[in-house]
Amino acid sequence: MPPAVQETVRELVDLSPVLTRLGARFTAAGFEVHLVGGSVRDALLAAGSGGGRGTGVVPGDLDVTTDARPEQVLGLLRGFASSTWNTGIAFGTVGAEVDGVRLEITTFRADRYDRESRNPEVAWGDSLVDDLARRDFTVNAMAVSLGPDRTVTDPYGGLGDLLAGRLRTPGAAVESFADDPLRMLRAVRFVAQLGLTPVDEVVEAMTSLAPELGRITPERVQVELSKTLLQHSPRAALELFVATGLADVVLPELSALRMEIDEHHQHKDVYTHSLTVLDRAIALEEADPDAESPDLVLRLAALLHDIGKPATRRHEPRGRVSFHHHEVVGAKLVRKRLQALRYSKDVVESVARLTFLHLRFHGYGRGEWTDSAVRRYVTDAGDLLPRLHKLVRSDCTTRNKRRAAALSATYDSLERRIAELSAAEDLARVRPDLDGNAIMEILGIPPGREVGEAWKHLKDLRLERGPLAPEEAEAELRSWWAARTGT
């Protein structure tokens with residue numbers, strides 16, 4: 001490693017008083033202690049040696065490795081750390097917080113993996129280089145001593161790979177991924193997060209071992225998929241995810257979008273279109289100062305909004321192709337897949353709702369919707385409306401500039417109408433003109449299903465006709481009740 005780079009890393013370590021004090025404490029007790037893995041990688045990127053691909057900040061959560069055994073680590077942290085936790089102590093990891101900085105301190109390891117369960121057969125090691133050999137990628141197999149010398153250790157060429165934008169494993173990629181198939185998804189993430197390109201050996205190993213990803217729990221898959229999607233530019237990573245067959249195992253609906261297009265029945269490439277929609281949605285999200293960013297719900301919806309198309313594709317006369325009701329089928333598929341990946345109920349329902357609604361705008365035509373239809377669009381979207389706006393605009397990927405301009409102008413018109421109606425009627429809080437208590441008092445009925453039905457009837461009227469005067473709402477309620485009960 002060039003001396004200038006070593007000096008830069010040393011200086012970055014010295015910027016952290018916690019690391020300096022931790023190093024002094026362990027060294028005084030006769031132990032080695034090193035900053036390791038992603039912490040060193042990100043420090044190098046922050047120093048500018050990664051060609052601008054990094055985050056530009058020294059990481060807040062730090063990974064440290066040592067030859068001290070876990071019980072010795074706990075002893076050294078006593079009176080130094082404000083808190084410690086040992087949930088990973090069986091694997092040699094002790095967590096700690098010192099002056100607001102979170103640390104994970106792991107004893108040198110020399111594990112072997114049980115390739116059925118993916119669990120390592122834990123064995124303590126005595127060598128830093130051997131410990132680095134079991135890391136996932138060379139860019140994560142670098143360490144800097146927290147002792148007085150601040151020696152930088154890079155036995156597998158991680159810095160060179162970082163500078164070249166290359167993703168390699170310390171040893172044979174096939175062996176590394178067979179030991180832990182989750183590393184293949186981490187490779188996908190690092191393409192998006194660090195702008196690295198996997199070498200051929202890594203791609204070939206991912207392709208041949210893709211079925212092994214089925215050994216990984218859905219929760220772990222979900223975490224890596226989400227981290228990938230939340231990067232600034234995840235497209236190349238997703239293309240690798242699909243091309244290697246990993247998506248076939250954990251997100252087959254995405255791979256299925258690569259439908260064959262024959263010479264007689266033409267339609268847009270749905271897979272490429274979906275990636276473009278994702279690109280456009282991210283651009284709109286990041287340009288909106290009022291938007292949550294990165295927005296996992298919007299990004300999942302952009303990627304998956306058309307997954308109902310393969311199941312609904314029909315070849316029509318004159319070479320046309322239809323996908324009738326693909327938004328309905330897609331919403332069901334989204335719900336099923338995201339539940340299988342253990343996403344939260346809120347994320348599942350939000351992405352499914354956006355998928356279901358993403359085509360609604362195309363019935364707007366040139367503004368023929370009634371005020372009632374506009375109200376329903378707003379109330380059906382609810383608090384997802386800002387995301388729906390971005391999804392619908394992103395979904396316009398036509399290369400016909402005139403058509404694209406017309407669609408954009410039409411959606412501008414819809415947004416103006418929404419704004420006008422919202423200002424006049426407070427659409428975000430559309431409620432019936434009579435609440436449940438008033439309904440029970442007017443009709444003389446107790447709480448129950450009939451009150452809910454009456455409430456829904458009045459809400460439908462409110463959407464159809466706008467706000468009603470109290471006496472008009474009461475008259476409508478009595479009329480509906482008379483028709484319902486035959487009185």
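How many residues does helix α17 have, and what does it reach from its first C-alpha to its last? Helix α17 (residues 326-340) has 15 residues and reaches 21 Å. That is close to the 21 Å expected at 1.5 Å a residue. The expected span is 1.5 Å times one less than the number of residues.

## Basis of the model

This is a predicted model, in which local features need pLDDT of at least 70, side-chain atom pairs count only at pLDDT 80 or more, and totals for chains, interfaces and linings use all residues. Residues are numbered from 1 along each chain as its sequence is written, and side-chain values use heavy atoms, with hydrogens and water left out.

Helices (H or I, at least four residues) and strands (E, at least two) are DSSP runs, numbered from the N terminus.

## Helix α17

Six names make up the buried set: His326, Glu327, Gly330, Ala331, Val334 and Leu338. Buried means under 20% relative accessible area, exposed over 50%, and partly exposed in between (1.4 Å probe, protein chains only). Seen down the axis of α17, the buried residues fall within an arc of 130°, so they line one face of the helix. The arc is that of the directions from the helix axis to the C-beta atoms.

The buried residues of α17 pack against α15 (296-304), α16 (309-312) and α18 (345-357). Lys332 and Lys336 are exposed, on the face turned away from the buried side.

## Backbone exceptions

Most residues other than glycine have a negative phi, and most peptide bonds are trans. His325 has a positive phi of about 65° although it is not a glycine. His325 sits in the loop between β13 (321-322) and α17. His325 counts as exposed because its relative accessibility is 55%. Arg342, which follows α17, also has a positive phi, near 65°.

Asp99 is not a glycine either, yet its phi is positive, near 50°. The loop between β4 (93-98) and β5 (101-107) holds Asp99. With a relative accessible area of 57%, Asp99 is exposed. The peptide bond from Ser293 to Pro294 is cis, with omega near 0°. Pro294 lies in the loop between α14 (270-287) and α15.

Ser372 belongs to helix α19 (residues 371-381). Its relative accessibility is 5%, so Ser372 counts as buried. Ser372 is in contact (heavy atoms within 4.5 Å) with Leu463 and Glu464, leaving aside neighbours within four places in sequence.

Arg449 is in helix α23 (residues 449-465). Arg449 counts as exposed, at 61% relative accessibility. The side chains of Arg449 and Glu453 are joined by a polar contact of 2.6 Å. A polar contact is a pair of N or O atoms within 3.5 Å; within protein, one must be able to donate a hydrogen and the other to accept it, and residues adjacent in sequence count only if both atoms are side-chain atoms.

## Domains

The assignment for the protein chain gives domain 1 (1-161), domain 2 (172-250), domain 3 (263-425) and domain 4 (436-485). These bounds come from an automatic or database domain assignment.

The C-alpha centres of domain 1 and domain 2 lie 24 Å apart. Their contact takes 15 residues from domain 1 and 19 residues from domain 2. The area buried between domain 1 and domain 2 is about 1500 Å². Carbon and sulfur atoms give 49% of that area. Buried area is the accessible area (1.4 Å probe) that two parts lose on being put together, summed over both.
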